[in-house]
Amino acid sequence: MASITIRNLVKNYGGVTVIPGLDLEIADEEFIVLVGPSGCGKSTLLRVLAGLEAIDGGELMIGDRRVNEVPAAKRDIAMVFQDYALYPHMTVRQNMAFALEMRGAESAEIASKIEEAARLLDIQPYLDRRPKALSGGQRQRVAMGRAIVRDPQVFLFDEPLSNLDAKLRGQVRAEIKMLSKKLKTTMVFVTHDQIEAMTMADRIVVMKAGVIQQVGTPEQVYENPANLFVASFIGSPSMNFLPVDIQADGLRLADGSLLPESLIARPSGDHGKLTLGIRPEHFELVQEGQGLAADIELVEPLGSDTLVHVSAAGQEVIVRVSPDLRPKAGQRIWLSPAAGKAHLFDPETEIRIDGTGKAD
Amino acid sequence: MAMKPSDSRWLDWINVVLLVLAGMIVMTPTAWMILSSFKPSYEVIAFPPKLVFTPVIENYVTLSKQTPFLSYGINSLIVTFGSTVFGLLLGAPAAFVASWTRITWPAVVALMARMAPGTLFLLPWYVMFRQVDMIGSYWALILTHAVITLPIVIWVLLPYFDNIPRSIFEAAQVDGCSPFRIFRRIALPLVSSGLAVSAILAFVFSWNFFLFSLVLSNSQTKTLIAASFNFIGEGSTNWGGLMAAATIIALPPLILAAIVQRWLISGLTLGAVKG
Ligand SMILES: Nc1ncnc2c1ncn2[C@@H]1O[C@H](COP(=O)(O)OP(=O)(O)OP(=O)(O)O)[C@@H](O)[C@H]1O
Ligand SMILES: [Mg+2]
């Protein structure tokens, strides 16, 4: 139970800078999810927090203790590894007891903590098995149990669900979220699964090439992405991007069609060519002849809703519609962005410049 | 590419033939040695060798009367056991640290020392041990035999340690474990089959090594294998006696290997660590 403060953190591997100066404040009891493309430095940041990697600059605080030089063993942090890293030669019980033994805890205390964690995670039947004799999901639970019994200052998770099948992942996701409410411990969770990020996080940290792009609640990051990268990274399928020209009478698209300016909070200042961003679910169907003409090329029914790939304004656009609509390839439909939902980005700086909401 | 059943049957056969061949190459001299040790001397060199004969223990009796064979054997055990333990005590932590830090040049130096001919060490050692008046002591032999055992232990264990997923060590670090405790509580138990393999190999190589004992021992501390050289060329060669001696010398490594063969096999195939 502690806050984390990262100030101007620098991490190099050999001559390569992986994190070039990163600032982040994590509040006590907060559930932070780190997302970003592969190789952006999420694991590196987590390992730096754990003390498994030395840092090359900046300052790292856990609570009000500066931990730059504190070894991993003394940071009072628990970590759940992607491959779980259970001790193969110990039983589940011994795995969970290990950290407590290292700390010199009484055996009665150890037993009761293991008992409690095992009940919480539903792993009592396996306590005397070795990890080899457990399924992936069971191992995952044991890894969590090993972290929980420690009662640490901070929990770190490095993609702990990526080795589980889709169904189990959903279940464990919900369990971790509930657990975090119960344990009231600061959590830092790395994933590149958007659903995990959106569903579990108090705040999401979006990273690219070692640089934080945006920090915000799932809603903020989704509704008001700070830049083109965040806009395209969060959300699936990705946001559609269309080049537009701001003119006196509205937004002129590449095919010449005109969208009414009232749909978008117009950015202040003088702008010419911009990038219009609209999520697939933020299109409305409008009357023939209005908005944007779109020719349906491919229909993907997902059950709960349907993805329609259309050709509009000279490029491919993906639109999410209700399955009741029963769209057919070859049809022509007319689309308009839902009011207040579309965004404008500066194509040079990639920063969002429309007036809706602050980035974070 | 999936292999057709007929192909795999052929491979099975080739495999069996090769194993039988290898077995014959290894086993024929061993069997010949053991059988001969129970033959009267004149029958040992008879040709063709007789497979059916009345076994006699005459060779063993003569051997024990002529030479203090038992005490040589005890010397051998002391030196071999001592140098194996010494090699393990130094070699296991060395291999762990080399694997952990990925700094392997000291291990390479150790291996080079092993590959150099033993005579290279003899002269300096002889001089050094004489200066401290240790010629003929067990310690001189144990320490010098560590040149044999230490590199074996390091090089057998290194891949075992390398094979442990690094995240397991990291989990232990995060769990509050000091490097020394990681070595003792995590790394060592996970390479137990490697320890068995390296101990046996070290034991066997140390047991069979005679050069240092020829020079650094005295009549009280001479090892079995060094002593057995005395049988050759002492007047007429006593073939039966020599075979009896060879059988006794070969016995401990064979028994040892038989006892631990389960670990040997699981150890030599590695992969035992992955959970
Ligand atoms: N030990 C190392 N030595 C050198 N470079 C490293 C090392 N570990 C990581 N890197 C590099 O640092 C960068 C960030 O790696 P990191 O593992 O933090 O990425 P990640 O965001 O966790 O990616 P993924 O989603 O694939 O796990 C990568 O370019 C990687 O190649
Ligand atoms: Mg990673």
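In chain A, the loop between strand E9 (203-208) and strand E10 (211-216) holds Ala209(A); helices (H or I, at least four residues) and strands (E, at least two) are DSSP runs, numbered from the N terminus. Ala209(A) is not a glycine, yet its phi is positive, about 50°. This is a predicted model, in which local features need pLDDT of at least 70, side-chain atom pairs count only at pLDDT 80 or more, and totals for chains, interfaces and linings use all residues. Residues are numbered from 1 along each chain as its sequence is written, chains are lettered from A and ligands numbered from 1 in the order in which they are written, and side-chain values use heavy atoms, with hydrogens and water left out.

**Another loop of chain A**
- Pro237(A) sits in the loop between helix H8 (228-233) and strand E11 (240-247) of chain A.
- The peptide bond between Ser236(A) and Pro237(A) is cis, with omega about -5°.

**Domains of chain A**
- Chain A is assigned domain 1 (4-224) and domain 2 (237-353); the bounds come from an automatic or database domain assignment.
- The C-alpha centres of domain 1 and domain 2 of chain A are 39 Å apart.
- Contact (heavy atoms within 4.5 Å) links four residues of domain 1 of chain A with five residues of domain 2 of chain A.
- About 430 Å² is buried between domain 1 and domain 2 of chain A, with 27% of it from carbon and sulfur atoms; buried area is the accessible area (1.4 Å probe) that two parts lose on being put together, summed over both.
- On the side of domain 1 of chain A, the most area is lost by Tyr222(A), Glu223(A) and Asn224(A), together 92% of what that side buries.

- Residues around ligand 1 (a heavy atom within 4 Å) include Tyr13(A), Val18(A), Glu159(A) and His192(A).
- Helix H1 (residues 42-50) of chain A gives the largest share of this shell, three residues.
- Polar contacts are pairs of N or O atoms within 3.5 Å.
- A backbone N or O atom of Gly39(A) is 2.8 Å from an oxygen atom of ligand 1.
- In Lys42(A), a side-chain N or O atom lies 2.8 Å from an oxygen atom of ligand 1.
- For Ser43(A), a polar side-chain atom is 2.6 Å from an oxygen atom of ligand 1.
- Of the 630 Å² of accessible area that ligand 1 has on its own, the protein covers 57% (Shrake-Rupley method, 1.4 Å probe).

**Chain B**
- Chain B has 14 helices and zero strands.
- Along the principal axes, the C-alpha atoms of chain B fill a box of roughly 70 × 70 × 30 Å.

Key
A polar contact is a pair of N or O atoms within 3.5 Å; within protein, one must be able to donate a hydrogen and the other to accept it, and residues adjacent in sequence count only if both atoms are side-chain atoms.
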